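User: I'm new to this one and would like a walk through it. Can you take my questions as they come?

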Amino acid sequence: MIVTNGNAQLLAEERGTGTPVLLVHAGVTDRRSWRPLVERLGDGVRCVGYDARGYGETTYEAEDGWSPVADAVAVLDAHGIGRAVVVGASMGGRATIDLALARPDRVRGLVLIGSAVSGAPPVGELPSEIAALDTAGDAAYDAGDLDEVNAIEAHVWLDGPLEDEGRVGGATRELFLAMNRRALEAEDPGEQAVVPPAWDRLDRIGVPVLVLVGDLDLPHIRRNSGHLASVIPGARLVELPGVAHLPHLEGDPATLDAIAEFVASL
């Protein structure tokens, strides 16, 4: 389905019937990253995923003041969904939190995977190995070497920055590189609308929340995930061994099972 909102034509797809689940992808992937989870949830759950502006097959013209929250609501509206369990990863987790705060009437529960949070404290000093990757990525970007940028980002986000490069291989790595390369080449969608920071309002989230984070993820993301679970009323934290920032893309059984059990509980 093509969902028009403002200057964007959001590419969305769905599978299954039953409990509606909206899938909001990370900033280095697109809707295809959810394939292992959609398979795990099966046809008894109605999964709706879409490509955000700047990702996948969504098309758009630059538009200042556009809103990831408004885009998510537009996808829900187009599919006739009132309230959904919303699963967000990384950048998608930030949009998911903002959605829950701005439109609680549309959210039945939240799953946050290695989530970003608007208004979070500065990252602070990075361990030297991670700082070196960050510096190398910036240099490759400045030199216009998108292949090298893509390889470094696969190391950081897919493998885990302190793990050996290539920890995750095969079709999963190929898919990551294809998704992220498309994002790296995308045109700027314009300045996003300014929203109130969520960090100091997390205690206002009033739906069940499951927080997932890989133990190979970046230190500040692990730290922020712990904060989410401690501040959001009733939230539950699951730390996932042996995976990094995108455990759902890895098809990690513990990740997929935790999400499936959470959705079933609602």
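This is a predicted model: local features need pLDDT of at least 70, side-chain atom pairs count only at pLDDT 80 or more; totals for chains, interfaces and linings use all residues.

User: Which strand pairs with strand 4 in the parallel sense?

Analyst: Strand 3 (residues 19-24) does, over 6 bridges. P20 stands opposite R46 there.

User: What unit do strand 3 and strand 4 make with helix 1?

Analyst: Together with helix 1 (residues 35-41), they make a right-handed β-α-β unit.

User: Why is strand 4 described as largely enclosed?

Analyst: Because 6 of the 6 residues of strand 4 (residues 45-50) are buried, the rest of the structure largely encloses it.

User: And which residues cover each side of it?

Analyst: In a regular strand, side chains alternate between the two faces of the sheet. For strand 4, V45, C47 and G49 lie on one side, with R46, V48 and Y50 on the other, and all of them are buried.

User: Switching to the cores. How many residues does the largest nonpolar core have?

Analyst: It has 38 residues, and L22, I97, I205 and V209 have the most contacts inside it. Helix 2 (residues 68-78) gives the largest share of this core, 6 residues. Another core, of 34 residues, lies apart from it and includes W34, C47, L158 and A260.

User: What does L22 touch?

Analyst: Leaving out residues up to four places away in sequence, L22 touches V48, Y50, A72, V75, L76, A84, V85, V86 and V87.

User: Now helix 5. How many residues, and what span?

Analyst: Helix 5 (residues 146-159) has 14 residues and reaches 18 Å from its first C-alpha to its last, close to the 20 Å expected.

User: Which of its residues are buried, and what do they pack against?

Analyst: The buried ones are L146, V149, N150, I152, A154, H155, V156, L158 and D159. They pack against helix 4 (128-142), helix 6 (170-185) and helix 8 (247-250).

User: What comes just after helix 5?

Analyst: G160 comes there, with a positive phi of about 105 degrees.

User: Which residue other than glycine has a positive phi?

Analyst: S90 is one, with phi near 55 degrees. Most residues other than glycine have a negative phi.

User: Where is S90 found, and is it buried or exposed?

Analyst: S90 sits in the loop between strand 6 (84-89) and helix 3 (91-102). S90 has a relative accessible area of 13%, so it counts as buried, the cut-off being under 20%.

User: What about H245: where is its place, and is it buried or exposed?

Analyst: H245 is in the loop between strand 9 (236-240) and helix 8. Its relative accessible area is 2%, so H245 is buried.

User: Which side chain makes a polar contact with that of H245, and what does H245 touch?

Analyst: The side chain of D217 makes a polar contact of 2.7 Å with that of H245. Not counting residues up to four places away in sequence, H245 touches S90, I113, G114, W157, D217 and I221.

User: Last one: how does strand 9 pair with strand 8?

Analyst: Strand 8 (residues 209-214) and strand 9 pair in the parallel sense over 5 bridges, and G214 stands opposite L240 in strand 9. With helix 7 (residues 219-231), the two strands make a right-handed β-α-β unit.

Note on methods. Residues are numbered from 1 along each chain as its sequence is written. Side-chain values use heavy atoms; hydrogens and water are left out. Helices (H or I, at least four residues) and strands (E, at least two) are DSSP runs, numbered from the N terminus. The expected span of a helix is 1.5 Å times one less than its number of residues. Buried means under 20% relative accessible area, exposed over 50%, partly exposed in between (1.4 Å probe, protein chains only). Contact means heavy atoms within 4.5 Å. A nonpolar core is a set of buried Ala, Val, Leu, Ile, Met, Phe, Trp, Tyr and Cys residues joined through side-chain atoms within 4.5 Å. Two strands pair if DSSP finds at least two bridges between them. A crossover is right-handed if, with the strands pointing away from the viewer, the path from the first strand over the helix to the second runs clockwise. A polar contact is a pair of N or O atoms within 3.5 Å; within protein, one must be able to donate a hydrogen and the other to accept it, and residues adjacent in sequence count only if both atoms are side-chain atoms.
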